[in-house]
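Visitor: Could you take me closely through the side-chain contacts in this model, beginning with a charged pair and moving on to the rings?

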Amino acid sequence: MTASNESASKPPRPAATVVVVRDAPLGIEVLLLRRAERGDHNSGAWVFPGGLVDAADRSAQACCRGVEPAAADARLGVAAHALDYWVAAMRECFEEAGLLYAREADGRPLVLDAERAARLDAWRGPLQRGERSLAALCHEEGLTLAADELVYFSHWVTPPVRAKRFDTRFFVARAPQGQQSVHDDGELVEQLWISPTAALTRSEPLKLMTPTLKTLEAIARFADVDALLAWAREPRTVPLIQPQIGSGREGMRPVTPDEPAYAELKRLDPECRGNFSYEIHPAVPVRLSPRVIRVTAHNGSVMTGPGTNSYLVGGGPRNEWAVIDPGPAEAVHIDAILAAAPGAIRWIFATHTHLDHSPGCALLAARSGATVHGRIADHPEWQDASFAPEVLLKGGERFVLDEGVTLAVIHTPGHASNHLCYRLEEEKTLFTGDHVMQLSTVVINPPDGDMAAYIASLRALAEQDLDWLAPGHGFLIERPRAAFEKIIAHRLAREAKVVAALRELGDDEAALLARVYADVPERMHPMALRSLRAHLIKLRAQGPG
């Protein structure tokens, strides 16, 4: 058994971390500790205090105040003994940084004079070596543990590929009043109080593991500790985050859920072997399933993202294939599609006739003999004038490409009057063209673009039974209904800004554009102007109110 297989077969070990924060003149500061060099990938990394949950931590649950065991179980979503994580976080913080979240037995804040501080400090080594317990410390010093000072923040699990795996609960807590942090000078060799932004942008970079880096990014959004803790205490779902492993120009590295490639990597590489890329490379075919292959054109830009995706769909017993969106009329891209096809290409389907999606139809048809399917736009502006489908589609058609490979056609006007999406029934996957793009909202360009029709199409698609979206630009997208609802909410929020601006500014397009799209870079304002006009047309059609 290889090391990676061995680590994947072992469950991750429970661990706890506490992000200690304090207010400073320029905002929040966090406590970071630098790990000693131990010959593993964590060596020299700057981390928050934390470590493994110890068997002896269970005995200190009785010393905890402010968090009931049942409430802790519910908050962490475990059957029992969740309070062990709070105890472990407090113990590790004391061992590694000398900060003790505790109160006097009567509930008063912990009182530290020089003698008591020295006496408590003498406990750190025996605790770290497992010779004494936190429960014993509390008993001998007459203390209770201030568990309510620690607020549950996030949940991280190490990818299976790592030799050492941890299931870590992150907490956030204000630095205990009247105490000074002192690193243990054994496991941790240096400490630093620093703002999250400074930690992330230092000219001499700090070595930060992925959970640390992402936690710093999250905390940087808050102005002060009160705001951070108020948000953390709100009722909210804390998702389990297990980074995927991908390869690319930065080498092999963890990929987190906020990155475009995450859901696709989770689907294609569940064991995190790093066999797939977190980047989309033109002309490099990606096998998304036994029935689907993606090939991306060399036309990446601010409007097309990494480039236009062409999808090969097929793979049944006859090994015959369809191509959805052959892309621009570039011979090198058509070559790449033909090279990626495992069998003969019999069908070509266009989602719409914008210039980055359909001009390749004629070239591919000429070289493969495939039949072109699609729909003609109502308005010729910005359309591919060369598009001449042999089969005109209306929406509602079903094509059985092979045994177990069925495409259903759905008319989805909005981005374009002739826009079609294709549903691979056996995989509940929708090929969305430009109706849904990754990382960007689509431009709605009147007269062929129609904002009301676009939102109506999104609402109709949200009722479909779907598992995946395969967009015309970007990686696979999971949780389709949530994606549709997010786009609808975004469009309606933008429309509300249009309504508010109209009341104040009238119908001056330049003023409206500057106000409504103030959050959009100016270089994108010509594109935003088209969508603004689409919103205005929709509002006028709706009438007053």
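Guide: The side chains of E485 and R481 meet in a salt bridge, with N and O 3.0 Å apart, the term meaning a side-chain nitrogen of Lys or Arg within 4 Å of a carboxyl oxygen of Asp or Glu. This is a predicted model, in which local features need pLDDT of at least 70 and side-chain atom pairs count only at pLDDT 80 or more, while totals for chains, interfaces and linings use all residues. Residues are numbered from 1 along each chain as its sequence is written, and side-chain values use heavy atoms, with hydrogens and water left out.

E485 and R481 both belong to helix α14, residues 480-505, where they are four residues apart, about one turn of the helix; helices (H or I, at least four residues) and strands (E, at least two) are DSSP runs, numbered from the N terminus. E485 has a relative accessible area of 42% and R481 one of 43%, so each counts as partly exposed, the class between buried (under 20%) and exposed (over 50%), with a 1.4 Å probe and protein chains only.

In R273 and E271, the closest N and O atoms of the salt bridge are 2.4 Å apart, and the count of salt bridges comes to 40.

Turning to the rings, the structure holds eight aromatic pairs, meaning rings of Phe, Tyr and Trp (its six-membered ring) with centres within 6.5 Å, where planes under 30 degrees apart count as stacked, over 60 as edge-to-face and the rest as tilted. The rings of F349 and F399 have centres 5.1 Å apart and planes at 65 degrees, so this pair is edge-to-face. Because F349 lies in strand β18 (residues 345-349) and F399 in strand β21 (residues 398-402), the pair ties together parts 50 residues apart in sequence. F349 is buried at 0% relative accessibility, and F399 is buried at 17%.

F349 also pairs with Y422 in a tilted arrangement, 5.2 Å centre to centre with 55 degrees between the planes. Since Y422 lies in strand β23 (residues 420-424), this pair ties F349 in strand β18 to a part 73 residues apart in sequence, and Y422, like F349, is buried.
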